[in-house]
Amino acid sequence: MATNGTHVTNGSKEPEIILYTNHGCPWAHRAHIAIKELGLKYEEKIIDLDRPRDPWYLEVNPRGLVPSINYNGDIITESAVVAQFLADAHPSHLLPASNAEGAALLRARVSFFVDTFVSKVLPQFMAGQRAQTETEKDEATEALVAAVAKEIEPLFTWDKSAGPYFGGNERLTLAEALTGPFVLRLLSLSKPEYELLSPKITTLLEEKTPRFSAWAQKLVQEESVTYIWDEQKVAARTKARFAKLAAEKKL
Ligand SMILES: N[C@@H](CCC(=O)N[C@@H](CS)C(=O)NCC(=O)O)C(=O)O
């Protein structure tokens, strides 16, 4: 398999894409959002994560993780790299071409937003999933909402009357493609029926982080975000995974 990029056609001809994925994986979900937003055709190969990877998949991705893509014969791995590559190969509403006017700054802003979400909010989201008792859940909720308020809410700097997505865009950008799977899980898994994350999360976010909350509520209704989503299945699997870890005292 070539890895030097020589097969990349940069969008003049429809690329041949294989997406190695699992619909329950939030990282793979990033690639799905990007590919759907770009309107690219792709062949999907579902990787069963409940058993050891087959040798053929370890040749695709020696780390054994999803997502990976094969793009015209070149393999690309790691969700952020995959989504960024697709956005770069097909300049669009997701991300302008790097040499377009203002693009460097917008790309820096998108990167900072995603980096902040991943480094400051995601750990609190994980802590929320690990929490077992009501007290632990309340503490995790408080820390999560505080992180969104301190780190993310101030990044919604564009005019409120502009488009709903990053930078005031009407359509999703790479910022949404990379954070959407986690925002979806945050809002979905805090529904009371799942008894996973505290149901207080949504109300607190509405109160303390109104711009993030409005953005998140809209984002999770987008077709590109929901088309592979099986909420009940993900909730059940997440619950089982954390219950098992708790029973093994590995939390
Ligand atoms: N940093 C990786 C994380 C991907 C990842 O952790 N994928 C999980 C599924 S959600 C996986 O493939 N797990 C398989 C395993 O650990 O064996 C990325 O962003 O692509």
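**Exercise 1. The second largest cavity**

Sort the residues that line the second largest cavity into nonpolar, polar and charged.

*Solution.* 
1. The residues divide into 3 nonpolar, 3 polar and no charged. Nonpolar covers Ala, Val, Leu, Ile, Met, Phe, Trp, Tyr, Cys and Pro; charged covers Asp, Glu, Lys and Arg; the others, Gly among them, are polar.
2. Now put names to the classes. The lining consists of Leu187, Thr202, Leu205, Ser213, Ala216 and Gln217.
3. Next, find the elements. Helix H7 (200-208) and helix H8 each give two or more residues to this lining. H8 has the largest share, with 3 residues. (Helices, H or I with at least four residues, and strands, E with at least two, are DSSP runs numbered from the N terminus.)
4. Last, the size. The volume is about 30 Å³.

A note on the model: it is predicted, so local features need pLDDT of at least 70 and side-chain atom pairs need 80 or more, while totals for chains, interfaces and linings use all residues. Numbering starts from 1 along each chain as its sequence is written, and side-chain values use heavy atoms, without hydrogens and water.

**Exercise 2. The largest cavity**

How many cavities of 30 Å³ or more does the structure hold, and which residues line the largest one?

*Solution.* 
1. Count. The structure holds 2 such cavities. (On a 1 Å grid over the protein atoms alone, a cavity is a set of points where a 1.4 Å probe fits but cannot get out; lining residues have an atom within 4 Å of a point.)
2. Take the largest. The volume of this cavity is about 50 Å³.
3. List the lining. Gln124, Phe125, Gly128, Lys137, Ala140, Thr141, Leu144, Leu197, Ser198 and Ile201 line the cavity.
4. Assign elements. H5 brings the largest share, 4 residues.
5. Classify. The lining has 5 nonpolar, 4 polar and 1 charged residues.

**Exercise 3. The largest pocket**

*Solution.* 
1. Start with the volume, about 870 Å³. (A pocket is an open set of points with protein on both sides within 12 Å along at least five of seven lines.)
2. Look at the lining. The pocket is lined by 31 residues. Nearest its centre lie Asn22, Gly24, Cys25, Pro26 and Leu49.
3. Check the helices. H1 (26-37), H4 (103-130), H6 (174-189) and H10 (231-247) each supply at least two lining residues. H10 gives the most, 5 residues.
4. Sort by class. There are 16 nonpolar, 7 polar and 8 charged residues in the lining.
5. Conclude. Domain 1 (17-89) and domain 2 (103-247) both give residues to the lining, so the largest pocket lies between them.

**Exercise 4. Two aromatic pairs**

What is the arrangement of the rings of Tyr71 and Phe85, and what is that of Phe212 and Trp215?

*Solution.* 
1. Count the pairs. The structure holds 12 aromatic pairs. (Rings of Phe, Tyr and Trp, its six-membered ring, pair if their centres lie within 6.5 Å; planes under 30 degrees apart are stacked, over 60 edge-to-face, the rest tilted.)
2. Take Tyr71 and Phe85. Their ring centres are 4.8 Å apart and their planes are at 90 degrees, so this pair is edge-to-face.
3. Tyr71 is in strand E3 (residues 68-71) and Phe85 in helix H3 (residues 79-89). They are 14 residues apart, and the pair links distant parts of the chain.
4. Check burial. Tyr71 is buried at 0% relative accessible area, and Phe85 is buried at 19%. (Buried means under 20%, exposed over 50%, partly exposed in between, with a 1.4 Å probe and protein chains only.)
5. Turn to Phe212 and Trp215. Their pair is tilted, with 5.5 Å centre to centre and 45 degrees between the planes.
6. Phe212 and Trp215 are 3 residues apart in helix H8 (residues 210-219), so about one helical turn separates them.
7. Check burial again. Phe212 is buried at 1%, and Trp215 is buried at 2%.
8. Widen the view. Phe113, Phe156, Trp158, Phe166, Phe212 and Trp215 form one aromatic cluster.

**Exercise 5. Backbone details**

Is Asn72 buried or exposed, and is Lys249 buried or exposed?

*Solution.* 
1. Find Asn72 in the loop between E3 and strand E4 (74-77). Its phi is positive, about 50 degrees, although Asn72 is not a glycine.
2. Apply the cut-off. At 18% relative accessibility, Asn72 is buried.
3. Find Lys249 in the segment after H10. Its phi is also positive, near 55 degrees.
4. Apply the cut-off again. Lys249 is exposed, with a relative accessible area of 74%.
5. Val66 and Pro67 are joined in cis, with omega about 5 degrees. Pro67 sits in the loop between helix H2 (55-60) and E3.

Terms used
Grid points are joined across faces, edges and corners, and a volume is the space filled by probe spheres set on the points. Domain bounds come from an automatic or database domain assignment.
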